[in-house]
Amino acid sequence: MFMLIPARKHRRKFWLLLHRYLGLFAGAIFVIIGLTGSILAFGHELDEWLNADVRAVSRQASTGRAPLDAIVAAGIKALPTGAKAINLDYPRYDGLAFALWFEQTSSGRDYPERHQIFIDPYRAQVTGQRLLIDFHRIWRDPLLDFVLRLHYSLGFGENGMTLVGWVGLAMLFSVLAGLIVWWPLTGKFRSALTLKPKTSRERLVYDWHKICGVYGSIVLLVIVATGIYLEFPSYGRGLVGLFSQVASPWPEYASRPPQNLDTPKTISLSELEQIVDANCPEGDFRYIVFPNDATGSYEVGKRAPGEPNRLQAQRRIWIDQYSGEVLALRDRSSQSSGDVFVEWLYPLHTGEAFGLTGQLIILLIGFVPLLLYVTGVIRWLQKRRVKRLEGGRCR
């Protein structure tokens with residue numbers, strides 16, 4: 001028994017050092033990720049509020065929505081020379097504009113940038129447009145997209161995503177190591193889960209670090225693990241695929257142009273909606289991706305009731321742009337266990353899976369890395385000061 005005590009202390013020292021140094025270095029970046037995540041918990045609502053002049057519209061109950069072809073035609077008419085329409089986002093609720101995405105070459109550069117044109121769905125009139133993504137100059141982006149890119153890549157593109165992914169892995173081990181160090185071997189969990197009353201400043205800092213870490217770890221581990229998957233999706237899908245088949249995230253289906261016509265006629269967008277409604281009667285339209293060439297197909301996202309992701313759509317349908325034939329339909333009936341698991345990761349990460357409650361949790365948990373980092377650094381400096389004082393006495 002006495003032999004076990006030094007061994008336990010040795011192991012605890014290892015976990016403590018791992019927790020400390022991973023937290024000190026990776027934790028600084030994690031603070032940025034956490035705070036930006038808090039803002040993004042209500043990112044869509046904030047973006048709509050900050051850009052109400054172009055995104056908000058007055059609902060016309062008497063006339064209803066204009067035909068989709070007229071809405072898109074208004075946006076296409078406003079496209080700059082050389083620009084290409086990519087997809088159309090439906091409004092999340094009545095009172096918002098449609099958003100037509102288009103791509104054009106960045107001025108004075110050789111790479112594309114993405115813009116949005118907003119269209120009043122009741123009057124089929126453009127309300128405004130904006131640059132949304134400049135892939136190399138993050139400061140040109142709107143505030144919420146700037147925050148989003150800081151969150152997942154620190155604004156450094158693919159290299160930044162890799163860095164953030166590794167920071168996530170470091171923090172995953174740091175949180176787990178912290179729980180191992182905290183775990184009360186005496187079994188006194190109540191004492192280990194509460195603040196000590198009338199204690200010293202040093203002990204108060206330690207208690208706050210401990211309490212924030214233990215309670216926050218319940219959600220932090222989920223957020224960090226899902227975030228790592230989102231940064232390394234190909235590796236994540238490969239790992240999940242070891243246990244259950246996972247469908248390709250972005251499959252392509254080709255339309256078949258009629259061979260006997262020089263300029264084959266494509267289906268209208270109103271017809272497209274009717275085809276989707278016939279195959280998927282319930283749910284809400286989220287987006288339409290336009291064919292990118294003469295052999296491309298339409299991809300339509302129509303969120304089914306009960307999907308955990310409330311803003312996007314897991315249910316997707318691909319349609320031939322000429323014949324209107326349904327080329328593929330991906331919905332709950334075709335999902336494997338791996339597909340269901342992957343479907344839940346993003347809405348768990350953002351809190352969307354639990355509605356307003358989930359968003360509030362993400363808003364609050366984003367401040368936990370800051371609290372842990374501040375209290376952790378203070379505690380580290382306190383220990384260093386004590387060691388220096390003890391060293392001075394020895395001399």
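**Strands, bridges and patches**

Reply: Let's start in the sheet, where Ile117 stands opposite Gln129 in strand 4. Strands here are DSSP runs of E with at least two residues, helices are runs of H or I with at least four, and both are numbered from the N terminus. Keep in mind that this is a predicted model: local features need pLDDT of at least 70, side-chain atom pairs count only at pLDDT 80 or more, and totals for chains, interfaces and linings use all residues. Residues are numbered from 1 along each chain as its sequence is written, and side-chain values use heavy atoms, with hydrogens and water left out.

Me: Ok, how many bridges join strand 3 to strand 4?

Reply: Eight, and the two strands run antiparallel. Strands count as paired if DSSP finds at least two bridges between them. Strand 3 and strand 4 make a hairpin with four residues between them, and Ala124 in that turn has a positive phi of about 55°.

Me: And in which sense do strand 2 and strand 3 pair?

Reply: Antiparallel, over eight bridges. Phe102 stands opposite His115 in strand 3. This is a hairpin too, with six residues between the strands, and Gly108 in the turn has a positive phi of about 75°.

Me: Why is strand 3 described as largely enclosed by the rest of the structure?

Reply: Because seven of its nine residues are buried. Buried means under 20% relative accessible area, exposed means over 50%, and partly exposed is in between (1.4 Å probe, protein chains only).

Me: Switching topic: how many salt bridges does a search of the whole structure find?

Reply: It finds 17. A salt bridge here is a side-chain nitrogen of Lys or Arg within 4 Å of a carboxyl oxygen of Asp or Glu.

Me: Which side chain does Glu113 meet in a salt bridge?

Reply: That of Arg140, at 3.0 Å, N to O. The pair links distant parts of the chain, 27 residues apart: Glu113 is in strand 3 (residues 112-120), and Arg140 is in the loop between strand 4 (125-134) and helix 5 (143-153). Glu113 counts as buried because its relative accessibility is 3%, whereas Arg140 is partly exposed, at 34%.

Me: What about Glu48, which partner does that one have?

Reply: Arg92, with 2.9 Å from N to O. These two are 44 residues apart and link distant parts of the chain, with Glu48 in helix 2 and Arg92 in the loop between strand 1 (84-89) and strand 2 (98-105). Glu48 is buried, with a relative accessible area of 8%, while Arg92 is partly exposed at 30%.

Me: Now the surface. Which residues form the nonpolar patch?

Reply: Ile39, Leu46, Trp49, Leu50 and Leu143, with about 510 Å² of accessible area together. Such areas come from the Shrake-Rupley method with a 1.4 Å probe, and for residues only the protein chains shown count as cover. Patches are built from residues with over 30% relative accessible area and no salt bridge, joining like charges within 9 Å and nonpolar side chains (Val, Leu, Ile, Met, Phe, Trp, Tyr) within 5 Å.

Me: Which helix gives the most to it?

Reply: Helix 2 (residues 43-50), with three residues. Leu50 lies in helix 2 and is partly exposed, with a relative accessible area of 43%.

Me: And which residues gather in the patch of positive charge?

Reply: Arg12, Lys13, Lys383 and Lys387. Lys and Arg count as positive and Asp and Glu as negative, while His and the chain ends are not counted. The place of a charge is taken as NZ of Lys, CZ of Arg, CG of Asp or CD of Glu. Helix 1 (4-40) and helix 13 (368-394) each supply at least two residues of this patch. Lys13, in helix 1, is exposed, with a relative accessible area of 53%.

Me: Last one: is Ala177 buried or exposed?

Reply: Buried, with a relative accessible area of 0%. Ala177 lies in helix 6 (residues 157-182). Ala177 and Leu22 are 155 residues apart in sequence and 9.7 Å apart in space, C-alpha to C-alpha.
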